[in-house]
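Please keep the sequence and the coordinates in view while reading.

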Amino acid sequence: MLNAVSRAYVRGGVQAISTGLKATGVAINSMANRQGHTDLQVPDFTDYRRDSVKDGRRRNETAEERKAFSYLMVGAGAVGSAYAAKGLVNAFVGSMSASADVLAMAKIEIKLSDIPEGKSVTFKWRGKPLFIRHRTAGEIDTERQVPTASLRDPETDDQRVIKPEWLVVIGVCTHLGCVPIANAGDFGGYYCPCHGSHYDASGRIRKGPAPLNLEVPTHEFPDEGTLVVG
Amino acid sequence: MKVIYNTLFKRTSTYAVAIIASAFFFERAVDVSSNLIFETVNKGKLWKDIKGKYE
């Protein structure tokens, strides 16, 4: 089977041959009239040519120069598109990052001199209560003495605090998310009124239904007297 | 032109590198100059110009 294109080609070929055979008698005559187009003058395109190709003998020498120009134009376009593409990608990726108002609320800076010893102060941080407790020497000592084997969620006091005087915990009970009350309960730390979970002065669960210690957020002391949480 | 063609444009690898490298400089130039134009047009209205009045 021949497809449409090749069939057309074959038909055309046959026609050409048959007309060729028929025309042999008058071929010489017609050729004489047409003279193989040798009488036609090639128009002068000099006005439209670049300087580098005006001289026929120089055309091969200037090929690199002309190609360099073409590639330079394409390259300039590519540089522009690369710039545009980078801006586009930047905008889309940037839209995924946190907005400025969220970033502004993500950190809290606290002046520690405002918190007297033995007191627990509550701040709002990322929509949650944040407890900052200025512990007394007695409390620090008591928490260090607690054997970890007796704890439900074993953590030493040193693992939970950076400076022993300052305890920083998120004030959300690990049981069902109530806000514990400071300086209450059997262990002198926090007490959750909802289901009776007792936390000690290191925020560790000691008694009641809560499974885990109060969460310690990432915090640091950039200098004496300031605390940054977040 | 000849030298540039033979060293940079002839191979696709060097051509691509040349485009990326010049894109860096192009970006910097566009950003700086457009910023400069904006600040010249809006001279006297920007915060850095009127900051002195409020401090």
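Predicted model: local features only at pLDDT ≥ 70, side-chain atom pairs only at ≥ 80, totals over all residues.

Chain A has a mean pLDDT of 79, with 85% of its residues at 70 or more. Within chain A, the highest confidence belongs to helix H3 (residues 63-94), whose mean is 93. The lowest is found in helix H1 (residues 4-23) of chain A, at a mean of 44. Over residues 1-27 of chain A the pLDDT remains under 50, and for this stretch the model has one contact beyond four places in sequence.

Attention may now turn to the interface. On the side of chain A, 16 residues are in contact with 13 residues of chain B. Between them, chain A and chain B bury about 1,400 Å², of which 72% lies on carbon and sulfur atoms.

Which polar and charged interactions accompany this burial? The count of salt bridges between chain A and chain B is one. A salt bridge joins the side chains of A:Lys86 and B:Glu27, with an N to O distance of 2.5 Å. Six residue pairs in polar contact are found across the interface of chain A and chain B, both residues of each pair being at pLDDT 80 or more. Sorted by class, the side of chain A that touches chain B comprises nine nonpolar, five charged and two polar residues.

Technical notes
Residues numbered from 1 in each chain as written. Chains lettered and ligands numbered in written order. Heavy atoms only, no water. pLDDT = per-residue confidence, 0-100. Helix = DSSP H or I, 4+ residues; strand = E, 2+ residues; numbered from the N terminus. Contact = heavy atoms within 4.5 Å. Buried area = accessible area lost by both parts, 1.4 Å probe. Salt bridge = Lys/Arg side-chain N within 4 Å of Asp/Glu carboxyl O. Polar contact = N/O pair within 3.5 Å; in protein donor to acceptor, adjacent residues only side chain to side chain. Nonpolar A, V, L, I, M, F, W, Y, C, P; charged D, E, K, R; others polar.
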